[in-house]
Amino acid sequence: MKQLFLALTFFLLTAPAGLAQTPTWSWLRTVEGVNSVVDLAGSSTSQIYVTGLFDNRLQLGNRLLTSPGRCLYVARLNPNGQVTQTTQLNVSDDVLPTSLAVDRSGNCFVTGSFRGTLSYGRNSQLTSQSPDTDDVLLLKINPAGAVSWVQQVSGTAPDRNTVPSRGWSVAVDQGGNSFVTGSVSGTTVRFGNRSFSNRQNKAFLASYSPQGTVRWAKVWDAPADTYAPSTGRATAVDGAGNCYVSGSFFSTLTVDGTTLQPANSDSNLFLLRFDAAQGQLRWALAPAGSGDGRSLGTDAAGKVYLADSFSGSTTFGATTLTSTGSADIFVTRYTRQGQVEWATALGGPNYDFPTDIAVDKAAGRAYLTGSQANGQAFITQLQANGQVARTTLVGGPGSSTGSSLVLDERNTVYTAGIATGSCQFGPYTTNNPATACYLARLDNADGRPSCQVSSPTALVTSVFPNPVQGRFTLRIQAPAADQNWKATLLNPFGRIVAQQTLRSTAGTTTDATFDTAGLPSGLYVLNLEHNQQVTTQLVTVR
């Protein structure tokens, strides 16, 4: 069994006793366009907020949005996916929202970038520093849907080789203070009355008061580090007054006098902790792994969750992970002091990557989305100890990628992403020949909040060989009781291709052989069911 875990040729997804049964998709909405749905956020009242952009018109579920040109929108949806409120901001040139967050009072915060003149309210406008460059955008919308304020971060005369200035992530604390991270460029970069000189492609972190004034701001790296770009991609705050930022850098990263080097030749990630009130750096890490650092979360105990991609063998604390494909996914949890508690690998023989993570803050369970299995969106739930509880795949034959997900108080998952062609969300199907966005809801089967994780079950299963050529064996080492099991093999489209009923005897092992000689190559799902317990393994057929 130990070798099986180290090989990581499949996912072991064990749902502990008392956990809700297999999740079900309760609704699906497709939205035309690739940036029509960019990010989601949840509120304490089970309302879901959505942001994106459109040109001229957009059918968003039950609501038709119109504009004389390009437009940023924020919409509020009820749990059934019906739009109940919208806010629109028109722009003369271009705009891109990237992230939004909602505070406990129902105020919504959006970051991104814009160029030209942004119009909102009746007669309010904001103009970028230069018609040829983007400014960072941060805006606040009150619970009634009105824009409370809009702030910009501008850079003058940036180098021609720089990427546009952009806010990539926003978070909000219990006091309504907002925190935004991204990257900026300019000979002079201004955050309100604070300015920084000669910053080209540099990561930043800034905090704003509930009234929209700058509390503090940081742009990293010394001015001399012109050719060492960095980007902040995710930020999160906990209840103890800490702000965390993750992102990527090249060569070196200097933050408040602390210089980071990549963990190895394939790594480029950073993870930082700041005091949220004053912006003082508490610690800085360069985790192993590659990607852009966009998947970051915290829980009520102050644990920090980071997910991204890795290749080959990579070490996190005392755990070494080995990928099975060109790139696999890692999820790791840190203490508030920056020490690794556990690390888990997800993935198969293809290229797999995460895009977003959400954390059940009370129970410490993480939910992850992205792309795996050669272009399928997924939602994976991890137990508090880092073990995989279950994975739900979006079926094909079309391709899909999850881009965002949020949880409500019952751990119902609301997710967004992009899909091309025919993609299966349980009973719902997308049929878009062109790429379009989707919004969907994934429920617990019994509609109850997830229970606390119980002690590990005595069940031990293994599948060999995996990958499979011709046939494979499922082996069950049963708990101390005779039990009946139903083993079901599903193809990549969720259809049953084989099914067996097994009876295990206490204290013995039971084998079942599955013939795959007539099956097309691909990633198959093997479910093993008994009462309230479901064990799922991904099986690669060649």
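Is Arg 365 buried or exposed? Select Arg 365 and have a look: the model is predicted, and in it Arg 365 counts as buried because its relative accessibility is 1%, with buried meaning under 20%. The side chains of Arg 365 and Asp 360 meet in a salt bridge, 3.4 Å from N to O. Asp 360 is buried too, with a relative accessible area of 11%.

Next stop: Arg 294 and Asp 292. Here is another salt bridge between side chains, at 2.7 Å from N to O. Arg 294 counts as partly exposed at 34% relative accessibility, whereas Asp 292 is buried at 18%.

Now pick Asp 511 and Arg 475. Their side chains form a salt bridge at 2.8 Å, N to O. This pair links distant parts of the chain, 36 residues apart: Asp 511 is in strand β40 (residues 509-515) and Arg 475 is in strand β37 (residues 471-477). Asp 511 is partly exposed, with a relative accessible area of 39%, and Arg 475 is partly exposed as well, at 33%.

The structure holds 15 salt bridges.

Time for some cysteines. Highlight Cys 243, which counts as buried at 0% relative accessibility, then Cys 437, buried at 1%. How many disulfides does a search of the whole structure find? The search finds 0.

Zoom out and switch to a cartoon view. The secondary structure comes to 1 helix and 42 strands. Of the 542 residues, 58% count as buried. Among contacts with a separation of 6 or more, 54% are between residues 24 or more positions apart.

Last, colour by confidence. The protein averages a pLDDT of 86, and 88% of the residues score at least 70. Select residues 1-20, where the pLDDT is below 50; this stretch has 65 contacts in the model beyond near neighbours in sequence. Then try residues 445-458: pLDDT stays under 50 there, and the model has 27 contacts for them beyond four places in sequence. Where pLDDT is low, the predicted coordinates should not be read in detail.

Note on methods. Residues numbered from 1 in each chain as written. Predicted model: local features only at pLDDT ≥ 70, side-chain atom pairs only at ≥ 80, totals over all residues. Heavy atoms only, no water. Helix = DSSP H or I, 4+ residues; strand = E, 2+ residues; numbered from the N terminus. Buried < 20%, exposed > 50% of the residue type's maximum accessible area, 1.4 Å probe, protein only. Contact = heavy atoms within 4.5 Å. Disulfide = S-S within 2.5 Å. pLDDT = per-residue confidence, 0-100. Salt bridge = Lys/Arg side-chain N within 4 Å of Asp/Glu carboxyl O.
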